[in-house]
Amino acid sequence: AIQQRTYAYPDGTIAATWMMAFETDWPDRGIGYNYFDGISWGEAPTESIASIRTGWASYTPLGENGEIAVGHASDNDEWVHWFCKRDEKGTGEWEEFTLGGPEPGIGLVWPAITSGGEDHNTLHVLGITYGDEYMGQGAALLYSRSQDGGETWDIENHFYEDLGPDYFTSIGAETYTWAVPKGNTIAFTVGFGIGHGCIMKSNDNGDTWEFIEV
């Protein structure tokens with residue numbers, strides 16, 4: 001289950017993200033980014049695209065020609081998904097925003113993102129909870145959806161009963177990953193790292209889900 005950190009576009013360009021730091025013990029840890037314009041890569045970056053200490057970024061196209069990356073960060077002592085997006089891939093300033101957990105004391109970490117819909121404006125984000133026990137699990141997998149590029153969330157921190165404590169006592173970091181969306185059909189795998197994996201699949205863009213045991 002490897003999060004999507006690089007993306008090869010149909011026009012021959014490539015974007016790449018990674019976890020980057022330059023100082024001992026990594027107080028400057030953040031999201032490294034570089035872009036291949038079809039001919040060459042840009043200069044090696046010297047700072048994160050995020051303005052806050054972040055980690056474990058996931059990347060996907062956004063909109064007609066934009067891009068978005070998301071990592072997790074501790075903002076005011078609450079762990080959140082920390083997004084960086086811009087309208088044109090490979091150039092321009094990054095806009096930052098966050099998505100918090102379902103309630104106080106419950107943070108969000110280790111995000112995995114993909115995009116679909118017309119012009120990649122629909123964002124699908126998975127992450128696990130951090131902090132207090134949630135819904136009977138040490139860490140629960142939650143799903144959020146935005147159909148306007150992250151401006152609003154029409155599904156926020158949805159909990160999957162099928163992946164609850166009767167199936168997983170806790171869901172581990174980076175044990176889930178998205179398939180490439182096909183129209184309104186989206187799917188992800190979860191749990192293979194501890195043996196009894198499954199697929200969650202939706203044919204209506206995340207409104208309803210089918211549990212498929214593997």
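User: Let's start with the overall build. How many helices and strands does the chain have?

Analyst: Keep in mind that the model is predicted. The chain has 15 strands and zero helices. Its radius of gyration is 17 Å, close to the 17 Å from the globule rule for 214 residues, so the chain is as compact as a globular protein of that length. The C-alpha trace spans about 50 × 40 × 30 Å along its principal axes.

User: And what share of the residues is buried?

Analyst: Buried residues come to 49% of the 214 in the chain.

User: How do I read a pair of aromatic rings?

Analyst: You describe such a pair by how far apart the ring centres are and by the angle between the planes. This structure holds 17 aromatic pairs. Take Phe-83 and Trp-153: their ring centres are 5.7 Å apart and their planes sit at 40 degrees, so that pair is tilted.

User: Where in the chain do Phe-83 and Trp-153 lie?

Analyst: Phe-83 is in strand E6 (residues 78-86), while Trp-153 is in the loop between strand E10 (141-146) and strand E11 (155-159), so the pair ties together parts 70 residues apart in sequence. Phe-83 is buried, with a relative accessible area of 0%. Trp-153 counts as buried too, at 16% relative accessibility.

User: Why is the pair of Trp-178 and Phe-188 called edge-to-face?

Analyst: Look at the angle: the planes are at 70 degrees, with the centres 5.3 Å apart, so the pair is edge-to-face. Trp-178 belongs to strand E12 (residues 176-178) and Phe-188 to strand E13 (residues 186-190), 10 residues apart. Both Trp-178 and Phe-188 are buried.

User: Which residue lies over the face of Tyr-9?

Analyst: That's Lys-89, at 4.7 Å from the ring centre.

User: What does the side chain of Ser-48 reach?

Analyst: Two backbone nitrogens: that of Ile-31 at 2.8 Å and that of Ala-50 at 2.9 Å. Leaving aside neighbours within four places in sequence, Ser-48 is in contact with Met-20, Gly-30, Ile-31 and Thr-54.

Technical notes. Residues numbered from 1 in each chain as written. Predicted model: local features only at pLDDT ≥ 70, side-chain atom pairs only at ≥ 80, totals over all residues. Heavy atoms only, no water. Polar contact = N/O pair within 3.5 Å; in protein donor to acceptor, adjacent residues only side chain to side chain. Contact = heavy atoms within 4.5 Å. Phe/Tyr/Trp six-rings, centres within 6.5 Å; stacked < 30°, edge-to-face > 60°. Helix = DSSP H or I, 4+ residues; strand = E, 2+ residues; numbered from the N terminus. Buried < 20%, exposed > 50% of the residue type's maximum accessible area, 1.4 Å probe, protein only. Lys NZ or Arg CZ within 6 Å of the ring centre and 35° of its normal. Rg over C-alpha atoms; globule rule 2.2 N^0.38 Å.
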